[in-house]
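Colleague: Could you take me through one part of this model closely, setting it in the context of the whole chain?

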Amino acid sequence: MTTEKRRAPAGAAVLRGEITTAIRRALMQELAAVGYGRLSIEAVARRAGVSKTAVYRRWSSKLDLVLDVVAAAAHGKLPALDTGTLRGDLALLFQAVAHALRHPVASQIIPDLLAEAARNPSIDATLRQVLHARQQEIGGRLVRRAVERGELPADTEPDAAIDLIVGPLYWRLAIARLPLTDRYLDNLVESVAAGLGAESVLPRPRTAPMSG
C-alpha cells in the first residue's frame, strides 16, 4: 500500500503573518490618508498588495479591521516607568507618548477616530475600553509607586490622577492641534506633579565658602 505524501501548506497559510502585517500597515496608511468615512477594504487590499479575500479571511468588515488595529496599537510597548522619582517617571512617559503621537500617521488617525467615535458606538466603546485599560495599567502603576515612595499623599485618588496625567497630551493633540514640544513637556511634568500634590523640587543650597 502506498502512502500519499502530505503537502506542506502553501500560499496564504505560509504567508499569513506577513500578509496580516502588510494589511495592518496598509490600514494605518489608508486611514491617515482618507479617514474612516472614506476607508474601504478594496483600497486597503490594493495598498497592501493583496486580494480582498485575504482581508476578509481575517476581518469581516472595515470596522472589525480598524478596531483590531486600534486595540493592538493601544497595547504597544512602553518603557518601564521606574526611574525612582515621580517627575522622572512623568518625563519618561510624556516623551514616549509624544514620540508616538508625533508620528504623522498617528497625528492624522487619532483625531479622526475620536471624531468618528461620536457617531459610531462600536468605535466609541472600543476606544473607551482599550484606552481606559491602558491608562489604568500605566498611570495606575506610576501613581502607586509615587505613593509608596512618599512623593504623593496616601489618599491620592487614582482615577483623577490618571486623568490629570494623560489628559493634557490628548487634548493638545486632538483638540488644540498644537505641537508637543520638549519645552511644553518639561513644563507639563512640573504642572502635573504640582497638581497631584507632589513636593516641589527645591534648588540645592550653595556650599558656604570655607573661611581661611
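Modeller: I will begin with an annotation: the unreviewed UniProt entry places a "DNA-binding region" at residues 40-59, with positions given in the numbering used here and annotations that may be inferred rather than shown by experiment. The end C-alpha atoms of that span lie 13 Å apart, and 65% of it is helix and 0% strand. This is a predicted model, in which local features need pLDDT of at least 70, side-chain atom pairs count only at pLDDT 80 or more, and totals for chains, interfaces and linings use all residues. Residues are numbered from 1 along each chain as its sequence is written, and side-chain values use heavy atoms, leaving out hydrogens and water.

The protein chain has nine helices and zero strands, taken as DSSP runs (helices H or I, at least four residues; strands E, at least two) numbered from the N terminus. The part to examine is helix 8, residues 158-176, whose 19 residues reach 26 Å from first C-alpha to last, close to the 27 Å expected (1.5 Å times one less than the number of residues). A kink of about 35° lies at Gly167, shortly before Pro168, the bend being the angle between axes fitted to the seven residues ending there and the seven starting there.

Buried residues of helix 8 include Ala161, Ile165, Leu169 and Leu173, where buried means under 20% relative accessible area with a 1.4 Å probe, protein chains only. The buried residues of this helix pack against helix 5 (86-102), helix 6 (104-117), helix 7 (121-149) and helix 9 (182-195), contact meaning heavy atoms within 4.5 Å. Just after helix 8, Arg177 takes a positive phi of about 55°.

Notes. Buried < 20%, exposed > 50% of the residue type's maximum accessible area, 1.4 Å probe, protein only.
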